[in-house]
Amino acid sequence: MVAYGMSPADALRSATVVASRILRRNDRGRIAPGAAADLVAFDAHPLADVSALRRPVLLIRAGRLVEPR
């Protein structure tokens, strides 16, 4: 999305919050009590370096630590 002109912040928002709203999955796309515990950490700030999204260093899926590929 960034390659086609969208800002990194708007691309991340579209892939998380907006997508969960469209799919009517209110338990996704946000960090809040009652939301699914799916989180990813990166080695750089994705808003400053969008390529950091290709380098996850930590993945938590359904509240459990998963080894990134």
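1. The protein chain exposes about 5,500 Å², of which carbon and sulfur atoms supply 58%; accessible areas here come from the Shrake-Rupley method with a 1.4 Å probe, and for residues only the protein chains shown count as cover. The model is a predicted one, in which local features need pLDDT of at least 70 and side-chain atom pairs count only at pLDDT 80 or more, while totals for chains, interfaces and linings use all residues. Residues are numbered from 1 along each chain as its sequence is written, and side-chain values use heavy atoms, with hydrogens and water left out.

2. Of the 69 residues of the protein chain, 9% count as buried, where buried means under 20% relative accessible area, exposed over 50%, and partly exposed in between (1.4 Å probe, protein chains only). Along its principal axes, the C-alpha trace spans about 35 × 30 × 15 Å.

3. The protein chain holds 1 helix and 3 strands, and from the N terminus on its elements run α-β-β-β; helices (H or I, at least four residues) and strands (E, at least two) are DSSP runs, numbered from the N terminus. Among contacts between residues at least 6 apart in sequence, 19% join residues at least 24 apart, a contact meaning heavy atoms within 4.5 Å.

4. On charge, the protein chain carries 11 positive and 6 negative side chains, and the centres of the two sets lie 8 Å apart. Lys and Arg count as positive and Asp and Glu as negative, whereas His and the chain ends are not counted; the place of a charge is taken as NZ of Lys, CZ of Arg, CG of Asp or CD of Glu.

5. Helix α1 (residues 8-22) has 15 residues, which at 1.5 Å a residue should span 21 Å, and the 20 Å between its end C-alpha atoms agrees with that; the expected span is 1.5 Å times one less than the number of residues.

6. S20, found in α1, is buried, because its relative accessible area is 8%, and, not counting residues up to four places away in sequence, S20 touches R25, R28 and G29. T16, also found in α1, counts as partly exposed at 36% relative accessibility, and the C-alpha atoms of T16 and G29, 13 residues apart along the chain, are separated by 4.4 Å.

7. R24, in the loop between α1 and β1 (39-42), has a positive phi of about 55 degrees although it is not a glycine, and R24 is exposed, with a relative accessible area of 74%. A62, in the loop between β2 (56-61) and β3 (64-66), likewise has a positive phi of about 55 degrees without being a glycine, and A62 is exposed at 61% relative accessible area.

8. In strand β1, F42 counts as partly exposed at 25% relative accessibility. Leaving aside neighbours within four places in sequence, F42 is in contact with A52, L53, R55, P56 and V57, and the C-alpha atoms of F42 and R54, 12 residues apart along the chain, are separated by 8.4 Å.
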